[in-house]
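Morning, everyone. I'll take a few minutes to walk through one model. Have a look at it first.

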Amino acid sequence: MLRVLCLLAVVDSVLLLDSGMLFPRESASREVKELNGLWAFRADISPSRNQGFEEAWYKSRLIESGPVIDMPVPASYNDITQDPSLRTFTGWVWYEREVVVPTRWITDEEIRVVLRVGSAHYYSVVWVNGVKVTEHNGGHLPFEAEIGSVIRKDPTAKCRITIAVNNTLTLETLPPGTIQYMNDPTRYPKGFFVQNIFFDFFNYAGIHRSVLLYTTPKAFYVDDITVVTDFSDNAGLVNYKVSVKGSAAATLKLTLMDKEGHCVASSSGSVGALKVADVKLWWPYLMHENPGYLYSLEVHLTAANDKSTSEDVYLLPVGIRTVKVSSTQFLINNKPFYFHGVNKHEDSDIRGKGFDWPLIVKDFNLMKWMGANSFRTSHYPYAEEILQMCDQHGIVVIDECPGVGIKDIRSFGNASLTHHLVVMDELVRRDKNHPSVVMWSVANEPASEMPPAQFYFKTLIKHTKDLDPTRPVTYITNSNYARDLGAPYVDVVCVNSYFSWYHDPGYLEVIPIQLNTQFEDWYAKYQKPIIQSEYGADTLPGLHNDPPLMFTEEYQQAVLQHYHNVFDQKRKHYVIGELIWNFADFMTVQGSITRVVGNKKGVFTRQRQPKAAAFILKERYWRLANETGKLPYWTNIPIYAMKLH
Ligand code: GCB
């Protein structure tokens with residue numbers, strides 16, 4: 001009982017924001033309408049970038065205030081046209097689309113109609129039929145607005161949705177940046193300015209994920225659900241809390257179903273625990289013969305008045321598993337888990353950071369092909385659909401917020417910290433129920449040796465633990481172990497290092513000694529498990545040299561092999577994972593002469609073709625899986641992967 005109560009307290013602590021952000025799913029009471037496709041688009045190229053607001057472009061159709069072009073949604077706008085100024089545009093761009101809303105949604109006052117944007121980078125303002133319905137600060141998380149009252153004002157009118165998006169990064173955005181005006185008329189054209197950034201990927205912008213309309217009942221509806229799972233022996237435990245908006249008279253019924261649709265537990269009331277006999281745990285890929293097992297939690301809300309009965313139904317996939325960290329191990333379901341995986345980016349030709357199912361499925365096939373059991377969402381939250389795939393396939397995720405490039409001391413100020421806390425609220429609210437998410441990463445390579453970093457990370461990490469005491473929290477460091485001021489607060493030390501690349505370039509022989517020293521130093525100081533969260537080398541596919549020279553396929557292979565030798569020593573003790581930088585080549589800014597049309601540290605090209613290093617990783621990851629998992633009669637191993645065994 002005490003255990004249940006403790007876990008319920010955990011469930012309770014998560015709900016700090018005043019509303020939920022459940023992924024829109026169709027059910028008996030909910031409909032979803034996707035608004036993806038072609039939208040009208042215009043960049044505000046006025047020197048102030050403010051013409052759109054001054055002239056209120058949202059008040060009438062966008063084409064009436066100036067020329068428009070077709071823009072696909074979801075996609076970054078940068079690589080869609082031949083216009084170099086749109087590729088690097090900084091400022092407001094305007095999107096618009098007219099939507100046919102089902103008549104019933106308008107005439108039936110009992111229906112709540114919500115407009116939801118999966119993500120738009122960076123700052124967004126949204127109008128419906130010229131009426132502002134919401135704005136959102138932040139480029140990688142969803143936001144929504146109830147629009148029923150606006151579309152009901154004139155039921156005969158089309159529903160015109162206008163979204164203005166501004167990609168400007170400042171010292172207080174996440175990631176941070178600065179705008180620098182170049183005022184010397186002898187060197188720069190009039191009004192010339194640049195967006196400086198402190199991170200190594202292209203600042204793609206636009207509406208990056210799906211725009212949807214969805215419905216729920218209006219009088220009452222399921223606003224949020226939090227589940228926290230546990231097990232003991234054969235019994236699983238799903239502690240839940242449901243937050244309901246609207247009528248208090250509604251009754252809640254919860255049913256947990258297995259994959260075959262059989263009810264395995266049921267309950268009522270907004271807070272409680274479901275006990276599952278003969279539980280099938282959620283296991284990572286390659287750790288168990290049946291990974292990614294998901295139950296389905298049906299949350300059923302009903303209310304009756306003298307005339308009728310109405311209901312709201314929401315179905316949440318639930319994986320039952322636990323996560324714990326000791327001083328030397330990362331435990332999933334009390335068994336040691338070793339991360340052998342990748343760092344990724346949301347990045348591809350033409351669509352930039354736009355959501356794309358073919359790309360996502362291809363990436364999952366490649367990760368499973370190479371035996372990767374995990375990835376980090378470097379350097380920002382990825383689309384929810386990607387996490388759903390991870391849940392289903394058992395791919396373990398370190399979920400990172402967009403706190404990348406916090407290098408300027410001014411980005412450690414109050415305004416930045418406050419925003420960072422809100423972003424963590426939004427991230428945890430969105431991703432808390434994914435079994436695949438096993439750890440939060442609050443930042444990547446901040447200037448953690450600067451004095452204000454101590455308070456900043458202490459506060460941020462504590463806040464994240466308060467939001468979700470069930471998952472460990474980390475940030476990714478490349479600081480010196482002796483000067484890193486945030487490390488005392490993390491649960492797992494995640495270190496990036498590029499020996500023989502940025503340090504001692506070309507000298508492969510330094511890797512064993514430097515990597516060994518790195519691990520020994522960090523462990524001696526903190527006695528916390530360590531993940532090598534990045535390592536790698538830029539490599540041009542098809543470029544060869546033996547003995548290995550930098551940028552050749554041979555050099556990338558050699559770097560990996562040198563690192564792997566050390567990992568094999570240390571993983572017997574306290575190293576709990578290795579994540580290659582990077583899964584695939586990705587686009588960067590032109591600002592750095594160390595990048596030739598992007599960062600080439602991928603083991604796959606940007607088009608997802610393997611470099612020689614991909615085969616090294618494939619062999620290694622399957623070998624590691626065979627050592628640590630139980631795979632002899634693994635049923636899902638495709639034929640091509642079986643050959644290795
Ligand atoms: C890093 C960063 C990552 C870069 C990578 C590199 O440490 O975390 O964003 O892309 O190094 O290739 O330089």
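A quick definition before we start: a residue counts as buried when its relative accessible area is under 20%, and as exposed when that area is over 50%. Keep in mind that this is a predicted model.

Start with Phe457. It sits in helix 9, which covers residues 452-467. Buried or exposed? Its relative accessible area is 0%, so Phe457 is buried.

What does Phe457 touch, leaving aside its neighbours within four places in sequence? The contacts are Phe412, Val442, Ala443, Pro446, Lys462, Tyr475, Gly486 and Tyr489. Take Phe412 from that list. Phe412 and Phe457 are 45 residues apart along the chain, and their C-alpha atoms are separated by 9.4 Å.

Four strands make an open sheet, ordered 18-17-20-21, with antiparallel pairing. Which strands are at the edges? Strand 18, residues 263-268, and strand 21, residues 309-318. Each of those pairs on one side only. On average, neighbouring strands in this sheet are turned by 15° against each other, direction ignored.

Look at one pair in there. For Lys253, the bridge partner in strand 18 is Ser268. As a reminder, strands of a sheet pair through backbone hydrogen bonds.

Last, the annotation. UniProt, in an unreviewed entry, places "domain: Glycosyl hydrolases family 2 sugar binding" at residues 33-217. In the model, that stretch is 9% helix and 41% strand. The C-alpha atoms at the ends of residues 33-217 are 16 Å apart.

That's it from me.

Terms used: Residues numbered from 1 in each chain as written. Predicted model: local features only at pLDDT ≥ 70, side-chain atom pairs only at ≥ 80, totals over all residues. Heavy atoms only, no water. Pairing = 2+ DSSP bridges. Helix = DSSP H or I, 4+ residues; strand = E, 2+ residues; numbered from the N terminus. Axes fitted to C-alpha atoms, helices over the stretch in contact; angles between N-to-C directions. UniProt positions renumbered as here; feature names shortened; annotations may be inferred. Buried < 20%, exposed > 50% of the residue type's maximum accessible area, 1.4 Å probe, protein only. Contact = heavy atoms within 4.5 Å.
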